Amino acid sequence: MDLWRYIGRRLAQIVIIFFVILTVLFLVFRLAPGDPITRMVDPDMTPEDAALLIAQLGLDQPLHIQYIYYVKNFFAGQFGDSFHYGQPVLDIIKHRLPNTILLFTTSIILSALVGVFLGKIASWHKGKKTDTGMTIGALVTHTLFLPWLALLLIWIFAYKMGWFPITGMVSEDIWLDPTSQFWQKALDVGHHLVLPLGTLFLFHFGSYLLIMRSSMLETLKEDYILTARAKGLTEKVIRNRHAAPNAALPVVTTVGLSLAFSINGGALTETVFTWPGIGRELVFSVSQNDYPLAQATFLLITLVVLVSNLVVDVLYAYLDPRIRY
Amino acid sequence: MAEAKPQRIKIHWIAQFQEGWSIYKQNILGKIGLTLLVIFALMALFSFLPPLIDPMYHPMTGVDPVISSSTGPSLKHWLGTDFMGRDILSQLLAGARVAFMVGVSAAFMSIFLGTAIGMISGYMGKFVDTFLMRLAEVIMVMPTLLVTLILAALFGQLSIWAIVLVIALFRWPGVSRVIRAQTLSLKQRPFIEAAKVAGASHVRIIFRHIMPNVLPLSFLYMTFRVTSAITIEAALAFLGFGDPSTVSWGMMLQWVWKTGHMFKAPYWLLPPGICISLITLSFYMLGRAMDEVLDPRLRREG
Amino acid sequence: MALLEVENLSIGYSTKKGFLKAVEGISFSLDEGRSLGFVGESGCGKTTLGMALMGLLPPNGSVTGGKIILEGEDLLEKSEDEMRKIRWKKISMIFQAAMNALNPVKRVHDQIAEAILTHNPNLDKEQALRRVAKLFQLVGLPESRMRDYPHQYSGGMKQRAIIAMALSCNPRLIIADEPTTALDVIVQHQILEETKNLQKELELSIIFISHDISIVADVCDTIGIMYAGQLVEYGTREEVFDTPMHYYTRALISSYPTLTGQRRELLPIPGESPNLIEPPLGCRFCDRCDGSGDSCKIGPPEWVDITPTHRALCGLCLK
């Protein structure tokens, strides 16, 4: 099926893009002012350990050999040791990545689904109170400053009402207790997830709503909608089964285009909520001058964006038969 | 024939502008947006006043001799003071100035780059086009905020202008795509053929024939770019990577947050956040109204 | 009793500039198994007429007078729910293939089956699809292409699919709105021939709408010429084509080239069609008519019966 060829092509493109970014990062780190070695080797290390690490990472070799080491190390998962944590970077990001994926994917999926659903309804009630209300709501929420929105939500729902925890992903007492069940732990994470997820959701669903709304209004003017009416279908069927599937396509495209933007928001949210994900780790590592960790988290985040792009493209190809056939 | 075109285009512009303005005026969103922006512009202008009234009102260095902690609104300090006893209102006004500065310059630069690259890419086609568009793709994939963070890690504290430059360098791809599409469709039009036959060089064609037709679109995108530039700078300042010598709204939020006052001082927490959000909203409304002016299909039917 | 009787139908649109009287006082009737064609330039109201018959006028359109009587019932008296049941089951429509008439994200057979299932709830999906297969055979489309999406079809294939869809619920009346415009001439001819065959085979009643009088004359027994929202001439195809009486009809026929017969000059019709928001009091064709007299401008023209089946809206035409 052509779908596989399409996926293959996109995958190849993504691999190339990633390599370009990998290379650029390599160059930037090596060529920036200052001694590159201090960026990879913890100044607190003993000279022997330092020498070992230098040899392992190939830092004493000429630039092009360093590059080969660099790429090899990347695929081997060897990113050096974090200055701050003193552990291999790989161990740290291994634990952080799932948390980010949890928050990121649920927020995008939730805001896209709700945005599409509400946008459809808004377009149907165009000009009336429902529509005006939703449009204004969407307009206001997606122009709010994200970290500020996060702080507001924490202030109201965590601090004042006490419904949710202020920071973090887990409650230590539940997770450290050996007798805790899986569902207790899962519920605990869910409890902590509500506010960060809510923040991202509020921030993103507005733009999807607005796009779906205008897309529906455009789609309803199309000729095949006239055909559907002529066939004697009810308005509800026309709206949901003929117009909406077509109108939703631009929303999918938008989700794809704004993934990099979304991950900015994700990193900010993680930081404010102290959610232990790679976004927060990046911010933290930069403030600590923990170069190995910063570099690795940045690359990983880029990878997440690229993979999400691929997923969205495949989804689009699945939804729009004109791409596949 | 080809030479006469630019003159006619200039006069055409004035007439278009007037027509555009009358359509714009009808749009509620546009009016609200413009009003808000005027308010913010006034804020920015007035930001020079407070230190002149009394040195204690200086946003960065002005400290109230009597107050040295965060206090609520009072007659002396209409929005209260921050943790060091500095006046919040004057900080807010200074922040407006910074927002416009950052927003407009970053937007202008990225639009300039994006339009130039889009035009060249669309016009030249083939290798140049492919190369530039691939470059755009790579840049678009990288989250601007995080890239700036990495650069901050490498180059140390970034000055406000460095931040503006980085934002501009990473925000042009979106514009260039649209401009490129427009250029491609313009390329097919007969008047370009006529110009070529008349012997106009490529550079001339781009600047005198394509550019005027593409600029309205650029301006439209500029409004969106301003908002993203302001929010990125604010986010950077919020995280602590802004320019420590400038007082921006993001910086104010960082201070509230980092000094633990966010739950105790709503008079400090709310104003900067509201300002950032409102300026984003007003530019967005401006953009939507301009969109209606530029795209006749969007105008309300009878 | 005729299958369809339209009495004094008037339709208009509310626009920013005023109320546009798109169709004014049209009356005609159609017997079962017969075909009627409406010819006119763009803006003459023929598409509006077609839409009104199906009850598909846009929100700003309204019927301001007259009756549409199908099988003895006035369609204008029906509620929207009742109309929905009638649409496609009793009257269906063939759209232009060049239009985006087929939903791009649905398979062709699903779209046709949907029409069948909506009006025959007792059938299941499989039965509906078998009917679709038969329809495909009828219009000359290969069954292997049933599962395709519309964008995979050529223009001619799309038109056949649209015809198949129009036939799917065995309607009494089919309205064909410019069904061959934008197709190349050879395909156009094929489709027209097949339409004629289908009509005879299935004893369909067709209303054919086109700007091309030669096509209409080929397919329809009766022709109605429309101009500026009014019916200006009405008669059998021989009468209208061989002995056109209204000056507009005459001008229309002279503006078409013919391969046979004498070579003659092609005469375009000068001027523009009138403003339908403020239509002129007299004959609407007056400005462009080369046979007009003073009486034409004062008051509206009256119908003149040339033969029992042929009439024209022009007082001067018999002279």
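User: Which element of chain B has the lowest confidence, and which the highest?

Analyst: Within chain B, helix 1 (residues 5–26) of chain B has the lowest confidence, at a mean of 65, whereas helix 10 (residues 249–258) of chain B has the highest, at 91; the score is pLDDT, the predictor's confidence in each residue, from 0 to 100. Chain B averages a pLDDT of 83, and 92% of the residues score at least 70. Where pLDDT is low, the predicted coordinates should not be read in detail. This is a predicted model, in which local features need pLDDT of at least 70 and side-chain atom pairs count only at pLDDT 80 or more, while totals for chains, interfaces and linings use all residues. Residues are numbered from 1 along each chain as its sequence is written, and chains are lettered from A and ligands numbered from 1 in the order in which they are written.

User: What makes up chain B, in terms of helices and strands?

Analyst: Chain B has 11 helices and 0 strands, where helices (H or I, at least four residues) and strands (E, at least two) are DSSP runs numbered from the N terminus. The C-alpha trace of chain B spans about 75 × 50 × 35 Å along its principal axes.

User: Why is helix 6 of chain B called oblique to helix 7 of chain B?

Analyst: Helix 6 (residues 144–155) of chain B and helix 7 (residues 160–187) of chain B pack at an angle of about 135°, with their axes 10 Å apart; axes are lines fitted to C-alpha atoms, for helices over the stretch in contact, and angles run from 0 to 180 degrees between N-to-C directions. Angles under 35 degrees count as roughly parallel, over 145 as roughly antiparallel, 65 to 115 as roughly perpendicular and the rest as oblique, and the angle of about 135° therefore makes helix 6 of chain B oblique to helix 7 of chain B. The crossing of these two helices is right-handed, a crossing being left-handed if the near helix is turned anticlockwise from the far one by less than a right angle, and right-handed if clockwise.

User: Which residues make the contact of helix 6 of chain B with helix 7 of chain B, and how do they divide?

Analyst: Helix 6 of chain B contributes Thr144(B), Val147(B), Thr148(B) and Leu151(B), and helix 7 of chain B contributes Ile163(B), Val166(B), Ile167(B), Phe170(B) and Arg171(B), where two residues are in contact if their C-beta atoms, placed from the backbone, lie within 7 Å. They divide into 6 nonpolar, 2 polar and 1 charged; Ala, Val, Leu, Ile, Met, Phe, Trp, Tyr, Cys and Pro count as nonpolar, Asp, Glu, Lys and Arg as charged, and the others, Gly among them, as polar.

User: What makes helix 6 of chain B oblique to helix 9 of chain B?

Analyst: Helix 6 of chain B packs against helix 9 (residues 202–239) of chain B at an angle of about 45°, with the axes 10 Å apart, and that angle makes the pair oblique. Their crossing is right-handed. The contact is made by Thr144(B), Leu145(B) and Thr148(B) of helix 6 of chain B together with Ile232(B), Ala235(B) and Leu236(B) of helix 9 of chain B, a set that divides into 4 nonpolar, 2 polar and no charged.

User: How many residues of chain A are in contact with chain B, and how many with chain C?

Analyst: On chain A, 35 residues are in contact with 32 residues of chain B, and the side of chain A that touches chain B divides into 29 nonpolar, 6 polar and no charged. Its largest share, 7 residues, comes from helix 14 of chain A. Towards chain C, 18 residues of chain A are in contact with 23 residues of chain C; helix 10 of chain A gives the most to that side, with 6 residues, and the side divides into 7 nonpolar, 5 polar and 6 charged.

User: Why do strand 2 and strand 5 of chain C count as edges?

Analyst: In chain C, 4 strands form an open sheet in the order 2-1-4-5 with antiparallel pairing, and two strands pair if DSSP finds at least two bridges between them. Strand 2 (18–30) and strand 5 (73–74) of chain C each have a single partner strand, so one side of each is left without a neighbour in the sheet. Strand 1 (residues 4–15) of chain C pairs with strand 2 of chain C over 9 bridges.
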